[in-house]
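This report is meant for a reader who is meeting the structure for the first time. Please keep the sequence and the 3D view open while reading, and follow each part in turn.

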Amino acid sequence: MNPNKALWEKGDFTRIAETMRQSGKELVDWIGVTEGLKVLDLGCGDGTTALPAARLGAEVLGVDIARNLVEAGNRRAKEAGLTNLTIKEGDATDLGELADDRFDLVVSIFGAMFAPRPFDVAQEMVRVTRPGGRIVMGNWIPGDPTLVAQILRISSAYAPPPPEGFVSPMTWGITDDVVERFAAAGIPEAKVSCAPETFAFDAPVPPKEFVRLFRTYYGPTMNAFEAAEANGRADALLGELEGLFEAQNQSPTERQTYIPATYLRVTVEV
Ligand SMILES: C[S@@+](CC[C@H](N)C(=O)[O-])C[C@H]1O[C@@H](n2cnc3c(N)ncnc32)[C@H](O)[C@@H]1O
């Protein structure tokens, strides 16, 4: 089994994605999706950005490596009556069957960053975007003090070291790496812009319960807990994550968690 696929089919990412809908919609509004635009949403999950893009009238194809998330996204599209959105199983490192220059816009929000072989990913995104089109990525930033980078930092201290040659997905949050990857795909540096932006997690539960959702449903956190349990350190991991979520929570009410997190918004003119 492909470990990249296994990681995201583990658990049920839809339970986390449910807390990301508002920022996903706002990001799509910022991008300026218009009626009839041909959009590829790469690593689309269950459609946090693909559904808003389709609601604006774009012709949207979602591609995701996780079969369960593809099914969930297509279910959501059907329930919303969106006939202009289809989600298929596929791998960002090799979009083989998708023709060159097919899309006006390729969007990948915390999606393609998780695929291995980042140079192949950049190459494929550029290949399927038409000249004059755009690529917009959202990538978490390594070492950032906000939620997602900190979950990763804490979790990695409990997990075994990654295999030799592993390229951290978080390197997609480093401007120099992003520029280098798109340059290798033929895009000059002047056509790549990177800026820190904010994406909020909004969960209708208190912070400790939100940590429980990550522990139960989010593949990377599930793996961290499995490794920690094997070493008798699960309580320590839980304590660190609960402390993090409590400290970052900005909700004024006890029954809700609202955590803004910083990401790198990458825009590429093809
Ligand atoms: C953090 S989730 C984000 C999902 C969605 N973009 C969102 O904002 O809710 C990461 C997504 O990337 C997908 N993914 C990871 N590796 C992939 C790959 N190699 N090709 C396509 N999708 C991939 C996962 O299955 C998962 O749906």
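## Strands and their partners

In this predicted model, serine 108 has methionine 137 of strand β5 as its bridge partner. From β4 the chain passes through helix α6, residues 118-128, on its way to β5, and this β-α-β crossover is right-handed. The two strands β4 and β5, the latter spanning residues 129-140, run parallel and are joined by six bridges, and a further partner pair in β5 is isoleucine 135 with valine 106.

Isoleucine 135 also stands opposite valine 268, which belongs to β7. On the other flank of the description, strand β1 takes in residues 38-42 and is joined to β4, with valine 39 standing opposite leucine 105 of β4. The pairings between the strands are set out below.

| Strand pair | Bridges | Direction |
|---|---|---|
| β1 and β4 | three bridges | parallel |
| β4 and β5 | six bridges | parallel |
| β5 and β7 | seven bridges | antiparallel |

How buried is strand β4? Seven of the seven residues of β4, which covers residues 103-109, are buried, so this strand is largely enclosed by the rest of the structure.

Arginine 117 lies in the loop between β4 and α6. Because arginine 117 has 15 C-beta neighbours inside 10 Å, this residue counts as partly exposed.

## One face of helix α9

Helix α9 runs over residues 207-217, and in this helix Pro207, Phe210, Val211 and Phe214 are buried. Seen down the axis of α9, the buried residues fall within an arc of 105°, so they line one face of the helix. The elements that cover these buried residues include the helices α2 (14-17), α10 (219-230) and α11 (234-248), together with the strands β6 (192-203) and β7 (257-269).

## Around the ligand

Which residues come nearest to the ligand? Of the 24 residues around the ligand, those that come nearest are Trp8, Gly43, Gly45, Thr48 and Ala115. Helix α1 (3-9) and strand β2 (59-64) each supply at least two residues of the shell. Sorted by class, the shell around the ligand consists of 14 nonpolar, eight polar and two charged residues.

Methods. Residues numbered from 1 in each chain as written. Predicted model: local features only at pLDDT ≥ 70, side-chain atom pairs only at ≥ 80, totals over all residues. Near = placed C-beta within 6 Å. Helix = DSSP H or I, 4+ residues; strand = E, 2+ residues; numbered from the N terminus. Nonpolar A, V, L, I, M, F, W, Y, C, P; charged D, E, K, R; others polar. Buried ≥ 20, exposed ≤ 12 C-beta atoms within 10 Å, placed from the backbone. Pairing = 2+ DSSP bridges. Right-handed = clockwise from strand over helix to strand, strands pointing away. Arc of directions from axis to C-beta. Contact = placed C-beta atoms within 7 Å.
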